[in-house]
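Visitor: I'd like a walk through this model, one feature at a time. Could you show me how to read each one?

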Amino acid sequence: MKKLLIASITLLAAPLLAQGQDLGQPVEEGGEVETVEDSEGLSGTVSFEGNLDDLGIAIPGFATDADVATPANSGGTAALGKELARVITSDLRNNGLFKPTGPDALPQPRFAEITAPSFATWSNRGAEMLVHGYVRARGDGRLTVGCYLYDMQLQSQLVREGWVVQPADWRRAAHKCADLVYSRLSGESPFFDSRIAYIAETGPKDNRTKRLAIMDSDGANHRFITTGRSTALTPRYSPDYGKLSYLSYVDGNPRIYVYDIGTGHQTLVTQSANPTFAPRWSPDGRWILFSMAAGGNTDIYRVPSAGGEPRRLTDTPGIDIGGSYSPDGSRIVFESDRSGSQQCYIMNADGSNQRRISFSGGRCATPEWSPRGDQIAFTRIAGDFNIAVMSPSGSGVRALTRGWQDEAPTWAPNGRIIQFFRTERNSGKTSLWQVDLTGENERRLPTPVDASDPAWGPILP
Amino acid sequence: MNTRLATGLILASTIALAACSKKAPEELPPPPTEQPTPLPDRTPAGPGVGTQQHFVDAVGIANTVVYFETDRFNIDAEDSGKLQVQAQYFGQYPDLTFTIEGHCDERGTREYNLALGERRANAAKNYLVSVGIPASRIRTVSYGKERPVALGSNEGSWAQNRRAATILIN
């Protein structure tokens, strides 16, 4: 009897002990990016009227007023200026936007020319647009980066902006410049200055190591958060990038943890012995949705992100899981097998008015509401797994990919691009991909090892 | 002390019955026998009670895992036969606690499969509880599609991966 009692207690107590044993070094938080100069009132029209894919943009190296040493580049601020232009060029090129020409194929403008370009120098290079910029080391150790976009035909400035960044954040200034150029020319919201959380995978199919990792939107500044001793899955950034919620088996059971990026500490999303899955943040960061299984039945719950009592939002028999807020936080799209197979449903944020929206054949899984609100991306299971989009009423279904197993869409901050992960048949190897809303420009994202479960965060604060 | 144990067992069975009333097994299990058929005696040199090897040797490897149809979690006649053999073993060693792992094939989305694996592990657990094994002795854990045993991407492999495996963890 005593033995049985002890055994039972051990069984229940074990999950509480092992927390936090899988975490690597805490990640340093980035500095503030201060906008120092912008071009309010400069809203002239763009002369180019063709397809934006054909728009030539010359992006020579950024100039510096004085080539001085900087922690951002061993070659000093002059070399950093060239590197800034390279990052902007690859941002635009890799996303299939415009026809950018980078600094390695162009002459280097002088510092004085940044605000007064010698247009004759650039007129015979087939570029309709010209990006100029500068980098200047400040007395306080930070860097000022300025970014200017000129219309070659009009020979006039279309937009300009400047930022003060810590040397470690120099790439953010390049992404902000790429965002400025992209937004000004396309009329869309920015997306380059953002990060992605995902799961890095290594090892054979029957013994995969799965680690929580983060990186910038272009794959740079890659960091592992967990060591890989226990399996980590399905991360999501909080909207302010201060926290990551994700599933970990660190105590032997699948449970959702909330990891504080600044302090390196993590807590359970809810104090329960039951398994929890599928974390999602509300757009304002005040709530976390998660799913919890009890006796084989899984329901969706909502808990204040600051802590508090979870409230159950679904109560039908079966698996209700996932859940993704509309941008205004008023509604939630989720998946449920209450009808007999996985389908997508919408409910109000308090759980009321649940109704199915997917009726177009096949199954509907992992729905994610676009940050623009007009589309829902989901995994469409109809034989193979594809990434598809539909309107919030379930109409206008369009498949965007044709892989054998494409799964788990996540939206770019501006709702124009979708990332997902692709699993290879037989080998089980995984990789991150993205495709734009038209189904064009599908490309694989470079990651150091195999990768799954991408989660694209909003524009960095 | 014995009264407390008895109360505990009755409570556990009551909870188990309540949990089972939602979805009864398709075939009713036989009533628990008063005197379980003794399993083969272990030789002193063999693996000790409480090890996975002892369990496997006693019930046979095939009886440690039950399999499911695509997206299903019901315990069919073949499964209940296997689980009855397991119940007999755990009835004979009432001090043992054990784990049921629920698994899925790769042809499902990751999060859904975590929930489905939990459902499968629970179906096996509920069956064992219904034939008299206290729920407090059984831990369930879902691995979704994260831990396949068969590595191909074909029906044969997927059928082997849709499973609930009973494990003794030392």
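**Where the chains meet**

Guide: Let's start with the contact between the chains, which takes 29 residues from chain B and 36 residues from chain A. Two residues are in contact here if their C-beta atoms, placed from the backbone, lie within 7 Å. Keep in mind that this is a predicted model: local features need pLDDT of at least 70, side-chain atom pairs count only at pLDDT 80 or more, and totals for chains, interfaces and linings use all residues. Residues are numbered from 1 along each chain as its sequence is written, while chains are lettered from A and ligands numbered from 1 in the order in which they are written.

Visitor: Which elements of chain B each supply at least two residues of the side that touches chain A?

Guide: Those are α1 (2–21), α4 (110–130) and β3 (138–144) of chain B. Helices (H or I, at least four residues) and strands (E, at least two) are DSSP runs, numbered from the N terminus. Ten residues come from α4(B), the largest share of that side.

Visitor: How do the residues on chain B's side divide into nonpolar, polar and charged?

Guide: There are 13 nonpolar, seven polar and nine charged residues on the side of chain B that touches chain A. Ala, Val, Leu, Ile, Met, Phe, Trp, Tyr, Cys and Pro count as nonpolar, Asp, Glu, Lys and Arg as charged, and the others, Gly among them, as polar.

Visitor: How many helices and strands does chain B have, and in what order do the elements run?

Guide: Chain B has five helices and four strands, and from the N terminus on they run α-α-β-α-β-α-β-α-β. Of its 170 residues, 41% count as buried. Take contacts in chain B between residues at least 6 apart in sequence: 75% of them join residues at least 24 apart.

Visitor: And what are the figures for chain A?

Guide: Chain A has four helices and 31 strands, and 50% of its 461 residues count as buried. With the cut-off of at least 6 apart in sequence, 48% of the contacts in chain A join residues at least 24 apart. Its C-alpha atoms fill a box of roughly 90 × 50 × 45 Å along the principal axes.

Visitor: How does the radius of gyration of chain A sit against that of a compact globule?

Guide: The two agree: a compact globule of 461 residues would be near 23 Å, and chain A has 24 Å. The radius is taken over C-alpha atoms, and the globule rule is 2.2 Å times the number of residues to the power 0.38.

**A helix pair**

Visitor: How do I read a pair of packed helices?

Guide: Two packed helices are described by the angle between their axes and the distance between the axes. In chain A, the axes of α2 (residues 76–94) and α4 (residues 170–186) come within 9 Å and cross at roughly 50°. Axes are lines fitted to C-alpha atoms, for helices over the stretch in contact, and angles run from 0 to 180 degrees between N-to-C directions.

Visitor: Which word describes how α2(A) and α4(A) lie to each other?

Guide: They are oblique to each other. Angles under 35 degrees count as roughly parallel, over 145 as roughly antiparallel, 65 to 115 as roughly perpendicular and the rest as oblique. The residues of this contact divide into eleven nonpolar, one polar and two charged.

**Two loop residues**

Visitor: Where do Phe98(A) and Tyr241(A) lie?

Guide: Phe98(A) is in the loop between α2 and β4 (99–101) of chain A, and its positive phi is about 65° although it is not a glycine. Phe98(A) counts as buried, with 25 C-beta neighbours inside 10 Å. Tyr241(A) is in the loop between β11 (232–237) and β12 (243–248) of chain A, has phi near 65°, and is buried with 21 other C-beta atoms within 10 Å.

Terms used. A residue is buried if 20 or more other C-beta atoms lie within 10 Å of its own, exposed if 12 or fewer, and partly exposed in between; C-beta atoms are placed from the backbone.
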